Amino acid sequence: MPLHSRVLVIDADHLRARSLAELLAPAGYETYHAAPGETSPAAPDVVLLSLDEMDASAVTRVAGEMPDADVLLLIGAGSLPLARSALRLGACDVVEREAGVDALLFALERAARDGRNRRDLAALRARVGEEARHALVGESLGMQLVRELVGRAAGSRRTALVTGEAGTGKSTVARLVHDLSDRAGRPFVVAQCEGARPEALEAELFGTGREGLLESARGGTLVLDEVLELPRAMYSRLAAMIAERIVRRAGSTHAEPVDVRLILTVRTTEQRPTVDAAALLGEGNALPIALPPLRERRRDIPLLVQHFRERSARGRSGDLPPLPAETMTPLLAHQWPGNVRELAHWLERIALAADQRGAAPRHAVIAPGAEFAPLDSARLTLGELERRYILHVLAQEGGHQSRAADRLGIDRRTLYRKLKEYRDDGGNRAAS
């Protein structure tokens with residue numbers, strides 16, 4: 001039973017109301033008593049409404065006057081058949097006086113606990129709504145669903161599975177789930193699974209002579225970034241860790257207790273279908289959070305543009321000049337293969353260009369990847385603009401595909417596929 005839960009006892013019989021309040025006080029409740037219609041000196045968590053006979057108006061009146069409180073009905077013998085009606089009218093539970101003190105205390109404890117959980121959930125949702133709107137910008141249905149799922153994940157201790165294309169904000173969601181959970185302020189550790197050697201990754205996670213990331217994240221959250229890159233043999237070991245809440249370092253038989261909440265991230269692309277990484281870990285009940293690509297929520301692009309420009313302006317002297325009105329059309333039409341990350345990088349380049357020139361580069365086509373293009377290229381197709389942009393970035397990175405892919409906000413497989421398409425298309429053009 002949560003200590004200091006406030007209980008208001010309402011009974012027409014003053015002596016009985018006071019006796020009930022005095023009975024509950026030793027159990028750790030802060031009690032008040034009043035007659036029907038009287039006000040309480042403090043907002044109660046639970047109202048114990050004591051009635052000699054079923055009074056529908058009393059139940060509805062109390063539930064209406066104190067909507068944040070749970071109403072527990074205490075009734076006399078013979079009134080039990082009316083309990084169902086009381087529950088429909090707003091009572092959380094009904095107890096018969098003849099059931100005894102233990103039954104009353106049990107029902108009151110449950111009402112206090114349920115009420116506290118409901119209020120905590122409401123407070124969490126309000127907090128999630130406020131913070132998630134700043135971190136996850138957008139009013140599309142897809143982003144509203146993402147924010148709802150983040151709230152559910154933050155209020156749960158189950159493993160969360162965050163999926164989405166490169167640049168959609170998986171790391172932002174993982175951090176937000178941690179910050180909004182009861183583990184906020186405790187360790188937040190990220191393990192990069194992609195590209196790591198199996199032996200090195202196992203040592204990094206489980207530890208050798210010193211503690212690994214699982215122990216470092218004790219009490220907090222461990223993010224397995226790109227979890228599908230884990231060696232398959234490691235999944236069973238992680239599943240055992242989750243089930244037993246212990247970890248054994250490499251070469252050791254000693255088990256260390258560890259309480260870690262896992263968040264798994266999986267990059268989804270056209271070439272790589274989504275796989276339920278949680279099922280591979282034996283976590284079939286993982287909470288999924290799927291991030292939509294930017295091309296599927298174009299209505300959010302103006303909000304994102306405003307968000308990133310305001311964020312950029314806070315780190316600079318003076319305000320950024322406004323983007324030309326004709327800028328938004330190509331932004332809305334662009335496919336954004338790098339998603340939100342690509343948009344953020346593009347706006348940053350525009351801001352830097354404005355700093356260097358003193359104004360927005362109006363003599364250029366203000367379109368993604370077209371800062372370098374002359375005005376007559378406005379007649380090019382978006383596909384051609386994208387091709388020129390990718391080749392331009394690749395040239396600036398000296399042909400280094402990994403660096404170019406990171407700058408573009410896409411994964412290396414997507415860049416490789418696009419370059420192959422460009423080579424094949426060039427051959428077809430030459431043949432014709």
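**Cavities, pocket and strands**

Analyst: The largest cavity holds about 60 Å³ of space (a cavity being a set of points on a 1 Å grid over the protein atoms alone where a 1.4 Å probe fits but cannot get out, with grid points joined across faces, edges and corners and the volume being the space filled by probe spheres set on the points). This is a predicted model, in which local features need pLDDT of at least 70 and side-chain atom pairs count only at pLDDT 80 or more, while totals for chains, interfaces and linings use all residues. Residues are numbered from 1 along each chain as its sequence is written, and side-chain values use heavy atoms, with hydrogens and water left out.

User: Which residues line the largest cavity?

Analyst: Its lining consists of L8, I10, A35, P36, G37, E38, R61, V62, E65 and M66 (lining residues have an atom within 4 Å of a point). Two elements, β1 and α2 (56–65), each give two or more residues to that lining, and α2 supplies the largest share, three residues. Helices (H or I, at least four residues) and strands (E, at least two) are DSSP runs, numbered from the N terminus.

User: What is the split by class in the lining of the largest cavity?

Analyst: It comprises six nonpolar, one polar and three charged residues, where Ala, Val, Leu, Ile, Met, Phe, Trp, Tyr, Cys and Pro count as nonpolar, Asp, Glu, Lys and Arg as charged, and the others, Gly among them, as polar.

User: You mentioned β1; what does β1 pair with?

Analyst: Strand β1 (residues 6–10) runs parallel to strand β2 (residues 30–34), and the two are joined over five bridges (strands pair if DSSP finds at least two bridges between them). L8, one of the residues lining the largest cavity, stands opposite Y32 in β2. With helix α1 (residues 14–24) included, β1 and β2 make a right-handed β-α-β unit, right-handed meaning that, with the strands pointing away from the viewer, the path from the first strand over the helix to the second runs clockwise.

User: How many cavities of 30 Å³ or more are there?

Analyst: The count comes to three. In the second largest cavity there is about 40 Å³ of space, and P337, E342, E386, Y389, I390, L408 and I410 line it. Helix α14 (residues 382–396) contributes the largest share of that lining, three residues, and by class the lining divides into five nonpolar, no polar and two charged residues.

User: And what volume does the largest pocket have?

Analyst: The volume of the largest pocket is about 990 Å³ (a pocket is an open set with protein on both sides within 12 Å along at least five of seven lines). There are 41 lining residues, of which A166, G167, K170, S171 and R341 lie nearest the centre of the pocket. Helix α6 (residues 170–179) gives the most to the lining, with five residues, and the class counts are 17 nonpolar, 11 polar and 13 charged.

User: Which strands flank β4 as pairing partners?

Analyst: Strand β3 (residues 46–51) pairs with β4 in the parallel sense over six bridges, and L51 stands opposite I75 in β4. Strand β5 (residues 91–96) also pairs with β4 in the parallel sense, over five bridges, with V71 placed opposite A91 in β5.

User: How many disulfides are there?

Analyst: A search of the whole structure finds zero, a disulfide being a pair of cysteine sulfur atoms within 2.5 Å.

User: What about the backbone, where is E226, with its positive phi?

Analyst: Most residues other than glycine have a negative phi. E226, although not a glycine, has a positive phi of about 55°; E226 sits in the loop between β8 (221–225) and α9 (232–244) and counts as buried at 5% relative accessibility. W336 likewise is not a glycine and has a positive phi of about 50°; W336 lies in the loop between α12 (328–333) and α13 (339–357) and is buried at 0% relative accessibility.

Methods:
Buried < 20%, exposed > 50% of the residue type's maximum accessible area, 1.4 Å probe, protein only.
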